Amino acid sequence: MIENQFPICTPEIPPMLGRDQVMHRLVAELTKVSPSHLSVVGARFSGKSVILKELAKRMRADGTPYCAVIEWDLGHKTPKSEQEFISSLCSRVGEGLKDAGQDEYGDYLLSVEDDHYAELSNVVDSINGENLKFLMVWDGFDKPLSGGNLGRNLWDNMRELCLKDAVRLVTATRRQLHDLIRDEKSVTSDFWNIFNGIIRVAPFDDADIDSTLQSLGSYSFQSGAKTELNNWSGGNPPLLLALLNGICSQKTSGKIDNNDINRAAEYALPQVEPILKTLWADCSPEAQDLYAALVENGNLALADTGKEEDQELAEKGFVSVKGQRVTASCRLLERSIHGAGPDAGSMARLFGSWDSYLANIRALLERRLSHIARFDERLFRLVARAIEDIPAYPDDCLNNLNGIRERALNIIWQREFGSSLVVPPEVISYWTEPARSGLRLIKDMMDRNSWEIPGDLGLQLRMLQLLTGSYNGFAPKAKRTTKDTYVLLNAIHSYRNRNQHADGQDIDLGVAVAAMMTCIELLACLAREQPQT
C-alpha cells in the first residue's frame, strides 16, 4: 500500500499536475511579440503557487524572451513600508540577475544602499538598451495589499517600471487586485491597469483529472469512478488528491470503482477537515446560505441565486453551474458540515470557550454585515476585507480603518453638501453667529473666507461634530447624518490612531473585533441615512 503519494499541505511546493490549459495561456501571453503583464486569480488551495513555480521553471528554459526570472513570495516576510518594498525588490532583482549570469547588473543592485528605485530604474533602462527582458513572479501579492501600508506613490513607481519593455510581471492573488487595495488613494493609481488579462485558476476540469490519473499508471478508473471523484471533491485540487491518496492506501493496483472511491472518501475526510473548514470560512454568509439551500433542494435555478455567491462557491469546487441550474458538487464539504452535529448553531458550541470564540467570531461579524443594504460597494469591500483578518491578524485588520474613514466621510459630504463640497449658506449663517464664531475651526474658515471641506480628515471629523450637533452649544444642521454616525466615525478615528501609533504594542483581538463591529454599525447608520431613490 502507498500512503500520501500526492503531497497536499507541505512547506515545499509540489510538482504541477494537470493545468495544461492554464499553463498554455500563461506561456503564450509571456512569449508573444509584446508580452503581457498577467494577474493570476484563484481561491485558497487552488494551486496558484504550484502553477507559478512551474511557470518560472519554463521561463528559465532556453528559447524564452527572458534573461532572468525573479520569484518573490510576498506572503512571507512581507514588506511593511514603501521603502522596505522597494529595497527588497531591488535586492530580489539583483539576486535574480546574478543567478542568471547577469553579474554586472546583479552585483550593482545588491550594492545599492539608498535611492533604490532610481538605481533599479537605471538598471532596467540599461537592460532594455541591450534588448533583454526579465520576468518578475510575485506570489502571495494579497499580503502587501492587505496591509494598507503601501501608498499610491509606490504603485505609480511600479507602473513606470513595468511600462519598460525590459520588465514583465505576473502576480498571484485570491481576488482581483482592485478588490484587495485598502488605501483609498492607491485605488486611483494606473498601476492596476497594466494587466492585460486575468487568468483564473478554477477547480480541476476533466482534462486536469485525466492528466492526474495518468500518473497512477497501475490503476484503471472506471467511468463511474471518475464521476464519483468529482462528486466527492468538486475538482478541488487538495480534496481530489486526498481521495487518490485514500485509494493508494487501500490498493496497489487494479480497477477502481465507485465503492473504492467511497472508501477513499472515508479515509480522506479527517485529513482534509482543516482545509474544508478554512475554505468554508472564506465563504460569505450569503454563499454559505446558498450552499445549504442547494444541499436541501438538490439544485436551484441560476436566476434564483446570486452571481457573486455562485462564483464564490464554484471557484472552490463547492458547486457546479450547468446550463441554467446550480448544483452542490462537493460531498466532502457536505459531510464535514453535517458532522458538526444538530447543535451546530447553539451559543455554547459557538462561543462557550475562547477557542470557540476564535473559530466563530469572524462568521458573526460577516453575518451582521450581510444584514445591511449595500449602498456603496467600495466601502463594503473595505470593511469585508478587514473582517477577513479576524482572528489571525488583528493588527492587519485595523490597517483598513483609514480607507474606511475617508470613504465614509466622502459619502457623508456628498449627501450633505452635494458635488460642490461647500458648506451651505444657511449653515454658515448659523455657525458665524457670535455664540459660535469664536470656535477655532469656524474662525479659521471665516478668516480665509473659504467654506470648502478641508482635506485634513481630522478637521473633517471636527466639522461633522458641529454639523450633527454633537458639540456643546451647536444645534444639528445636517440634512441626513445623525449623531450616531459621528460618534462611530470618531471611534474609528481613535482606533486608527491606536494602530498608527502602536509603539510596539500589539492590537488585542478583542479590540480589533470591537473596531470591526464599530465599522459595521457605521455602515448600518449610513444605510439608514441613505437618500431614498
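# A guided reading of the predicted model

Strand 3 (residues 134-139) and strand 4 (residues 167-173) run parallel and are joined by 5 bridges, where two strands count as paired if DSSP finds at least two bridges between them, and where helices (H or I, at least four residues) and strands (E, at least two) are DSSP runs numbered from the N terminus. Within this pairing, Leu 135 has Arg 168 of strand 4 as its bridge partner.

The structure is a predicted model, in which local features need pLDDT of at least 70 and side-chain atom pairs count only at pLDDT 80 or more, while totals for chains, interfaces and linings use all residues. Residues are numbered from 1 along each chain as its sequence is written, and side-chain values use heavy atoms, with hydrogens and water left out.

The two strands described at the outset belong to an open sheet of 5 strands, which is paired in the parallel sense and has the order 2-3-4-1-5. Strand 2 (68-73) and strand 5 (195-201) stand at its edges, and each has a single partner strand, so one side of each is left without a neighbour in the sheet. On average, and with direction ignored, neighbouring strands of this sheet are turned by 15° against each other; axes here are lines fitted to C-alpha atoms, for helices over the stretch in contact, and angles run from 0 to 180 degrees between N-to-C directions.

A further open sheet is built from 3 strands in the order 8-10-9, and its pairing is antiparallel. Its edges are strand 8 (299-301) and strand 9 (319-322), each with a single partner strand, so that one side of each lacks a neighbour in the sheet. Helix 13 (residues 285-297) lies across strand 8, strand 9 and strand 10, and runs at about 110° to strand 8.

Most residues other than glycine have a negative phi, and most peptide bonds are trans. Asp 115, although not a glycine, has a positive phi of about 50°; this residue lies in the loop between helix 4 (103-111) and helix 5 (116-129). Asp 115 is exposed, with a relative accessible area of 51%, where buried means under 20% relative accessible area, exposed over 50%, and partly exposed in between (1.4 Å probe, protein chains only). Leu 421 also has a positive phi, near 55°, and is found in the loop between helix 20 (401-417) and helix 21 (425-431); at 30% relative accessibility, Leu 421 counts as partly exposed. The peptide bond that joins Ile 390 and Pro 391 is cis, with omega about 5°, and Pro 391 lies in the loop between helix 18 (377-387) and helix 19 (394-397).

Helix 24 (residues 457-467) is mostly covered, with 8 of its 11 residues buried. The buried residues of helix 24 include Leu 457, Leu 461, Leu 464 and Met 463, as well as Gln 460 and Gln 465. Their cover includes helix 20, helix 21, helix 23 (440-448) and helix 25 (483-500).

Taken as a whole, the protein has 26 helices and 10 strands, and its C-alpha trace spans about 95 × 65 × 45 Å along the principal axes. Of its 533 residues, 48% are buried. Among contacts (heavy atoms within 4.5 Å) between residues at least 6 apart in sequence, 73% join residues at least 24 apart. The protein exposes about 24,700 Å², of which carbon and sulfur atoms supply 48%, with accessible areas taken from the Shrake-Rupley method with a 1.4 Å probe.
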